[in-house]
Amino acid sequence: MNIMFCGDKNIQDGLMIAILSLINQSKEKLNIYVLTLDVDMNGKHYEMIGDNLIDFLNGKVKEKDAESFVKKIDVTEHFKKEMPSANLGTRFTPCCMLRLFADEIEEIPDTVLYLDTDVIVKCDCSEFYYQDMDGIEIAGVLDYYGRWFFKKNPLKFDYLNSGVLLLNMKEIRKTGLFKKCRSRCTQKKMFMPDQSSLNKLAVNKKICPRRYNDQRRYHEDTVIQHFTTTFRFFPRVKTVTVKPWNIESVHNVLKLYQYDDVLDEFQNTKKEYLERL
């Protein structure tokens, strides 16, 4: 199973949790690609994920299957060549856009499952991974909130959340989807530019069941839970953002205890990693 993550040094805790959950639930070899960069943009420095963490995680996946691996890919130069100029002054972070360079990287295979680093894999996701993608560019789940406001087709829900996407890289390279998305990000200011571009420009996308990217809350059939920002309406309207590594808030705010096994493992694994450093 081919997996792709993207981010800078700030996503290390999330990356560790997501990979540990994959190790626990997967029944096969894991080929994990981590796209990262080192760049100064919009007054901030985005530091590349260190080799020490990649080597450590590579060792962890090999404990389950000796043929599995975690590999870091530096996309800094690709990013600098196609800087998302129109969105530099927005809340956009460059790390969100890194997946849009996957078509430029030869070693990214024809099929890859992209995951944000604020997800936990609850069950084996092979059914999602091995679905028929003939002629399909991307497959994903409707965005819980965005489906109501952003529609390419006004007669139906069609706006995908981009945090969990099955990518048919062979088809994407053929249609030039990612290249078109990168171009749009350099020219047009957008809300969530990478996700908006994918939804606007994808010609052939597949909508999958909610359980493969549960964004609002945990369900008994949840396969992948995505810890996105949600709204609470009582006693007043407010947004709630809790990430998997915010363990106390996972318990006290979200009232979630179903992931305690992997979160306990994360705390022990992070301690082991820091001790090795």
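User: Leaving aside neighbours within four places in sequence, which residues is Ile3 in contact with?

Analyst: The model is a predicted one. Ile3 belongs to the largest nonpolar core, which has 52 residues, and is among the members that touch the most others. With neighbours within four places in sequence set aside, its contacts are Leu22, Leu30, Asn31, Ile32, Tyr33, Val112, Leu113 and Leu115.

User: How many residues does the second, separate core have?

Analyst: Leu35, Ala102, Phe178 and Met190 are among the members of this second core. Its number of residues is 35.

User: What is the order of the strands in the open sheet?

Analyst: The sheet has seven strands with mixed pairing. Its edge strands, each pairing on one side only, are β5 (69-74) and β10 (205-207). From one strand to the next the twist averages 25°. The order is β5-β2-β1-β6-β9-β8-β10.

User: Which residue of β5 is the bridge partner of Asn31?

Analyst: Strand β2, residues 31-36, is joined to β5 by six bridges, and the two run parallel. Asn31 has its bridge partner in β5, and that partner is Phe69.

User: What angle does the direction of α1 make with that of β1?

Analyst: Helix α1 packs on the sheet, where it touches β1 (2-6), β2, β5 and β6 (111-115). The angle between the directions of α1 and β1 is about 170°.

User: Which residue of β2 is the bridge partner of Met4?

Analyst: β1 and β2 run parallel and are joined by five bridges. In β2, Asn31, Tyr33 and Leu35 point one way, while Ile32, Val34 and Thr36 point the other way. Six of the six residues of β2 are buried. The bridge partner of Met4 in this strand is Tyr33.

User: Why does β9 count as largely enclosed by the rest of the structure?

Analyst: Val164, Leu166 and Asn168 point one way from β9, and Leu165 and Leu167 the other way. Residues on both faces are buried. β9 is therefore largely enclosed by the rest of the structure, the number of its residues that are buried being five of five.

User: Which residue of β9 is the bridge partner of Ile138?

Analyst: β9 is joined to β6 by five bridges, and these two strands run antiparallel. On that side, Tyr114 has Leu165 as its bridge partner in β9. β8 also pairs with β9 in the antiparallel sense, over two bridges. The partner of Ile138 in β9 is Leu167.

User: Is Ile108 buried or exposed?

Analyst: Ile108 lies in the loop between α4 and β6. Leaving aside neighbours within four places in sequence, its contacts are Met4, Tyr33, Leu35, Ile73, Ala102, Met169 and Arg173. Buried means under 20% relative accessible area. Because its relative accessibility is 1%, Ile108 counts as buried.

User: What distance separates the C-alpha atoms of Ile108 and Asn2?

Analyst: Along the chain, Ile108 and Asn2 are 106 residues apart. Their C-alpha atoms are separated by 8.5 Å.

User: How many of the nine residues of α9 are buried?

Analyst: Helix α9 spans residues 193-201 and is mostly covered. What covers its buried residues includes α4 (94-97), β8 (138-140), β9 (164-168), α8 (177-187) and β10. The buried residues are Pro193, Asp194, Gln195, Ser196, Ser197, Leu198 and Asn199.

User: How far apart are the axes of α8 and α9?

Analyst: The two helices pack at an angle of about 130°, and they are therefore oblique to each other. The contact is made by residues including Leu177, Phe178 and Cys181 of α8 and Pro193, Ser197 and Leu198 of α9. Their axes are 9 Å apart.

User: What is the handedness of the crossing in which α2 passes α11?

Analyst: Helix α2 (residues 51-64) and helix α11 (residues 260-276) pack at about 130°, with axes 11 Å apart. That angle makes α2 oblique to α11. Asn52, Leu53, Phe56 and Lys60 of α2 make the contact with Thr269, Glu272, Tyr273 and Arg276 of α11. The crossing is right-handed.

Note on methods
Residues are numbered from 1 along each chain as its sequence is written. This is a predicted model: local features need pLDDT of at least 70, side-chain atom pairs count only at pLDDT 80 or more; totals for chains, interfaces and linings use all residues. Side-chain values use heavy atoms; hydrogens and water are left out. A nonpolar core is a set of buried Ala, Val, Leu, Ile, Met, Phe, Trp, Tyr and Cys residues joined through side-chain atoms within 4.5 Å. Buried means under 20% relative accessible area, exposed over 50%, partly exposed in between (1.4 Å probe, protein chains only). Contact means heavy atoms within 4.5 Å. Two strands pair if DSSP finds at least two bridges between them. Helices (H or I, at least four residues) and strands (E, at least two) are DSSP runs, numbered from the N terminus. Axes are lines fitted to C-alpha atoms, for helices over the stretch in contact, and angles run from 0 to 180 degrees between N-to-C directions. Angles under 35 degrees count as roughly parallel, over 145 as roughly antiparallel, 65 to 115 as roughly perpendicular and the rest as oblique. A crossing is left-handed if the near helix is turned anticlockwise from the far one by less than a right angle, and right-handed if clockwise.
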